[in-house]
Amino acid sequence: MKTVIAIADTHVEDEPIRSVLPRGLIDLIEESDLLVHAGSFTSVRAYEEFAEIGELVAVSGAEDCVELRERLDDNIILNVEGLSVGVVHSGRYVSDAMSMGYLASEMGVDLLIHGYLHRPRMDRGDITTICPGSPTNPRMSIPSAMQISIDGEDFDLRLIVCSGRICEYINAFPTL
């Protein structure tokens, strides 16, 4: 069995990664077999620091600097324990469930990990598509990541709710 931590949209410029990510998420990354980042690190420094925390597979994202976009592919297909896993930042037109499902089908993968939304999303069907959200820069959601436990072609998904800044939009509503 392999454990994968999926994250995206970290958008870190100058701060050290270890000071921005929750300690619990760093521990999970260090304990996992693989870290998948679905783009928008923003800076080369952030990319390199993530690579120091764990084995990293990553794609470029919409907010990445030119150097990262030149260094990283737009999409990757991995084989993890016999499961075909695709990684992209966003779809061709939008990153809704339908377009991501079509993209996953075109890529010929069993599981597609994508970013761009900054909020978690899981769509399970013939092909599963997930967005882990953002542990550092959530949009209309809580900070999050996902843990994927892969055993052959079977896999389980677990949403990781991170401590940290909640989207200002959510904080704008009064609580009862």
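Let's start with threonine 3. Threonine 3 sits in strand 1, residues 2-7. Keep in mind that this is a predicted model.

Is threonine 3 buried or exposed? Its relative accessibility is 19%. Buried means under 20%, so threonine 3 counts as buried.

What does threonine 3 touch, leaving aside residues up to four places away in sequence? Ser32, Asp33 and Leu34 are on the list. Gln147 and Ile148 are on it too.

Next, the aromatics. How many aromatic pairs are there? The count comes to 2. Take phenylalanine 41 and tyrosine 47. Their ring centres are 5.3 Å apart. Their planes stand at 90°. Planes over 60 degrees apart count as edge-to-face, so that is the label for this pair. Phenylalanine 41 and tyrosine 47 are both buried. Which residues make up the aromatic cluster? Phe41, Tyr47 and Phe50 form one cluster together.

Look at methionine 122. You will find methionine 122 in strand 7, residues 120-123. Its relative accessibility is 38%. Buried is under 20% and exposed is over 50%, so methionine 122 falls in between and counts as partly exposed.

Methionine 122 also belongs to a nonpolar surface patch.

To recap: threonine 3 is buried in strand 1. Phenylalanine 41 and tyrosine 47 pair edge-to-face.

Notes: Residues numbered from 1 in each chain as written. Predicted model: local features only at pLDDT ≥ 70, side-chain atom pairs only at ≥ 80, totals over all residues. Heavy atoms only, no water. Patch = residues over 30% accessible without salt bridge, like charges linked within 9 Å, V, L, I, M, F, W, Y side chains within 5 Å. Areas by Shrake-Rupley, 256 points an atom, 1.4 Å probe, with all protein chains shown as cover. Salt bridge = Lys/Arg side-chain N within 4 Å of Asp/Glu carboxyl O. Helix = DSSP H or I, 4+ residues; strand = E, 2+ residues; numbered from the N terminus. Buried < 20%, exposed > 50% of the residue type's maximum accessible area, 1.4 Å probe, protein only. Contact = heavy atoms within 4.5 Å. Phe/Tyr/Trp six-rings, centres within 6.5 Å; stacked < 30°, edge-to-face > 60°.
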